[in-house]
Amino acid sequence: ENPMIALGISPRGALHISAAARARAFLYGRDYVIDEDVCAVFSDVCAHRVILSAPATMNRMDARDVLEELCKSVKLPHSVSG
């Protein structure tokens, strides 16, 4: 939930995030996705899929900026090294 977003992405949009993150992982030589892959593609995949709220629109906020801030605010799990 974010007060700047009136309507979020659809389940199909989530599938596109997954596909883009897998593609990025492949480009980095991995056969698995890490949290940085998801954050790196998140705003590019979702910017045209969200509808900003009235306050965000009135403040002339950009969807890409809102989504990047949203991704930064999510606490990511720490890797456990054996």
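Q: Let's start with tyrosine 28: is it buried or exposed?
A: In this predicted model, you compare the relative accessible area with a cut-off: over 50% is exposed, under 20% is buried. Tyrosine 28 has a relative accessible area of 55%, so it is exposed.

Q: Where is the place of tyrosine 28?
A: Look in the loop between helix H1 (11-27) and helix H2 (35-46).

Q: Which residues form a nonpolar patch on the surface?
A: Here's the general idea first: in soluble globular proteins, nonpolar side chains tend to be buried together. In this model, though, Phe26, Leu27 and Tyr28 form a nonpolar patch on the surface, and together they have about 440 Å² of accessible area.

Q: Now the inside. How many residues has the largest nonpolar core, and which have the most contacts inside it?
A: A nonpolar core is a set of buried nonpolar residues joined through side-chain atoms. The largest one here has 15 residues, and Phe42, Cys46 and Leu67 have the most contacts inside it. Helices H1, H2 and H4 each supply at least two residues of this core.

Q: What is phenylalanine 42 in contact with?
A: Skip the neighbours within four places in sequence, and you find Ile17, Leu67, Leu70 and Cys71 in contact with phenylalanine 42.

Q: How do I read a helix, say H4? Which of its residues are buried?
A: List the buried residues, then look down the axis. In H4 (residues 63-73), Ala63, Val66, Leu67 and Cys71 are buried. Seen down the axis, these buried residues fall within an arc of 135°, so they line one face of the helix. Glu69, Lys72 and Ser73, on the other side of H4, are exposed.

Q: And what covers the buried residues of H4?
A: The cover includes strand E1 (5-7), H2 and strand E2 (51-52).

Q: Where is serine 53 found, and what does serine 53 touch?
A: Serine 53 is in the loop between E2 and helix H3 (54-58). With a relative accessible area of 9%, serine 53 is buried. Not counting residues up to four places away in sequence, serine 53 touches Pro3, Met4, Ile5 and Ala6.

Definitions and conventions: Residues are numbered from 1 along each chain as its sequence is written. This is a predicted model: local features need pLDDT of at least 70, side-chain atom pairs count only at pLDDT 80 or more; totals for chains, interfaces and linings use all residues. Side-chain values use heavy atoms; hydrogens and water are left out. Patches are made of residues with over 30% relative accessible area and no salt bridge: like charges are joined within 9 Å, nonpolar side chains (Val, Leu, Ile, Met, Phe, Trp, Tyr) within 5 Å. Accessible areas come from the Shrake-Rupley method with a 1.4 Å probe; for residues, only the protein chains shown count as cover. A salt bridge is a side-chain nitrogen of Lys or Arg within 4 Å of a carboxyl oxygen of Asp or Glu. Helices (H or I, at least four residues) and strands (E, at least two) are DSSP runs, numbered from the N terminus. Buried means under 20% relative accessible area, exposed over 50%, partly exposed in between (1.4 Å probe, protein chains only). The arc is that of the directions from the helix axis to the C-beta atoms. Contact means heavy atoms within 4.5 Å. A nonpolar core is a set of buried Ala, Val, Leu, Ile, Met, Phe, Trp, Tyr and Cys residues joined through side-chain atoms within 4.5 Å.
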